[in-house]
2 protein chains.
Amino acid sequence: MSDENTLVFLKIPSKIGAWSPNTWKTRSTSSYSLNYKGIPYKTVWVEFPDIEKTLKDLGVAAYTTQPDGKTPLYTLPAIYDPTIKTGLTESFAIARYLDEKYPDKPMLVPKGTEVLQKAHINAMQARLEPIWQFMIPKTAWSLNERSEKYFRRTKEEMESQTMEEMYPKGEKRKEEWKKLEKGFGQADKWYGKEDVLVMGGKEKACFADFAFAGYVIWIRILFGKESEELKDVSRWQDGRWGRMIQALEQYE
Amino acid sequence: MSDENTLVFLKIPSKIGAWSPNTWKTRSTSSYSLNYKGIPYKTVWVEFPDIEKTLKDLGVAAYTTQPDGKTPLYTLPAIYDPTIKTGLTESFAIARYLDEKYPDKPMLVPKGTEVLQKAHINAMQARLEPIWQFMIPKTAWSLNERSEKYFRRTKEEMESQTMEEMYPKGEKRKEEWKKLEKGFGQADKWYGKEDVLVMGGKEKACFADFAFAGYVIWIRILFGKESEELKDVSRWQDGRWGRMIQALEQYE
């Protein structure tokens with residue numbers, strides 16, 4: 001299947017399997033994207049402190065900047081396309097690239113839906129805000145040592161608190177988890193009773209489904225398949241998100 | 001054009017023309033919707049305190065409830081369809097009804113876009129949050145006396161402050177207006193350079209465009225066509241929202 005022209009998918013390894021930390025959610029989104037289009041690829045693992053050098057060496061530009069607004073910020077996931085000897089980062093940009101390169105495969109961003117899909121992703125970001133205080137520390141705790149050190153240093157500086165301080169405990173935890181449920185509840189209102197996926201029904205997926213599902217998969221991996229947290233999300237809103245993950249399972 | 005079977009569009013009158021206050025934004029959305037589909041209708045004006053009785057008399061159900069979660073909350077805009085002797089409220093529900101009744105006219109909610117459009121509307125609501133503190137008082141100040149009294153009483157109770165207290169002044173005003181610009185800036189990121197409307201290009205509109213444009217029209221009517229406020233919004237994000245309103249002008 002794989003030759004020197006095979007797409008390369010760059011991801012960050014961890015102690016608990018194939019995922020990257022802060023960008024893990026979007027890594028899962030890009031996995032879904034590649035699998036949905038049925039494009040063969042090989043995986044390259046990159047530790048956190050090596051991301052910048054690796055992408056620079058491959059000639060892949062940074063998608064965004066550091067908080068100073070100037071210094072490029074190199075992030076994963078990324079893909080590298082040996083046929084054009086360059087690549088790109090950021091899951092939506094990757095999806096658009098895949099759609100352009102493989103227009104005969106199912107489209108991740110069907111014509112006319114780009115603005116709407118971005119709005120969907122943005123709305124989910126706003127509504128699921130409470131998730132970060134759980135997931136950033138959980139992420140730190142599950143990285144390989146070298147990446148963890150790097151991740152902690154940069155995140156703890158940015159947030160002005162340690163991972164252990166950020167993670168909600170006791171009553172606070174209950175409240176914040178409740179807020180997360182409410183956030184999912186907002187999204188629930190957008191769906192018709194029978195809709196499982198964003199474009200209706202449960203057959204035709206699109207990028208926004210994969211971006212949304214990324215949140216749930218994130219919880220599944222960081223808390224575990226048998227965790228109460230995953231069970232919560234799967235039963236919230238009458239089991240809607242459990243059904244969503246099930247409908248997309250074939251693309252994981 | 002109009003006979004006893006003509007659709008009836010119910011709106012709230014005001015001192016400054018054909019618009020309703022809190023629900024004015026959505027009234028404009030519904031006007032756009034009717035005009036986009038090219039459906040003839042006649043307008044009935046309903047003062048604020050008469051909404052509930054009018055809708056009940058017509059057999060139109062409330063779409064939502066009072067903050068107590070039980071008591072029905074009767075709102076405008078509404079349409080009444082004499083052919084089925086009932087009607088409905090809430091702009092999205094109205095759009096869906098029009099699409100069902102007139103499937104041969106341009107679709108407001110094309111198949112597969114309902115969840116996405118609702119997410120777009122929801123994202124705009126979240127991002128344009130700072131607009132309300134300007135628009136609620138501006139609304140009160142422009143109602144007919146009977147409606148203003150009613151509107152003030154209910155709103156001031158709900159917000160625990162007078163309209164005059166709510167309206168931002170001085171430095172606060174500058175900051176909040178800046179926040180609003182940032183909110184529009186969020187939406188700007190979803191659009192490609194050449195996109196004017198949500199579905200790309202500037203020809204094919206959809207409900208989410210009309211819901212979004214409602215915010216700008218709201219500013220235009222309440223602050224005035226020549227106001228600095230409208231000029232601000234029209235030039236923000238490189239004139240994107242000015243172009244949007246222009247592209248939709250034919251449906252106003």
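Does A:Cys206 count as buried or exposed, and what is its relative accessibility? At 0% relative accessibility, A:Cys206 counts as buried. The model is predicted, and its chains contain 0 disulfides in total.

**Cysteines**

- The closest cysteine sulfur to that of A:Cys206 belongs to B:Cys206, at 15 Å, which is too far for a bond.
- Seen from the other chain, the sulfur of B:Cys206 has its closest cysteine sulfur in A:Cys206, again at 15 Å and too far for a bond.
- For a disulfide, the two sulfur atoms would have to lie within 2.5 Å.
- B:Cys206 is buried, its relative accessible area being 0%.

**Fold and dimensions of chain A**

- Chain A comprises 10 helices and 6 strands.
- Its radius of gyration is 18 Å, in agreement with the value near 18 Å that a compact globule of 252 residues would have.
- Along the principal axes, the C-alpha atoms of chain A occupy a box of roughly 50 × 45 × 35 Å.

**Packing of chain A**

- Of the 252 residues in chain A, 53% are buried.
- Among contacts in chain A with a separation of 6 or more, 71% join residues 24 or more positions apart.

Methods
Residues numbered from 1 in each chain as written. Chains lettered and ligands numbered in written order. Predicted model: local features only at pLDDT ≥ 70, side-chain atom pairs only at ≥ 80, totals over all residues. Heavy atoms only, no water. Buried < 20%, exposed > 50% of the residue type's maximum accessible area, 1.4 Å probe, protein only. Helix = DSSP H or I, 4+ residues; strand = E, 2+ residues; numbered from the N terminus. Rg over C-alpha atoms; globule rule 2.2 N^0.38 Å. Contact = heavy atoms within 4.5 Å.
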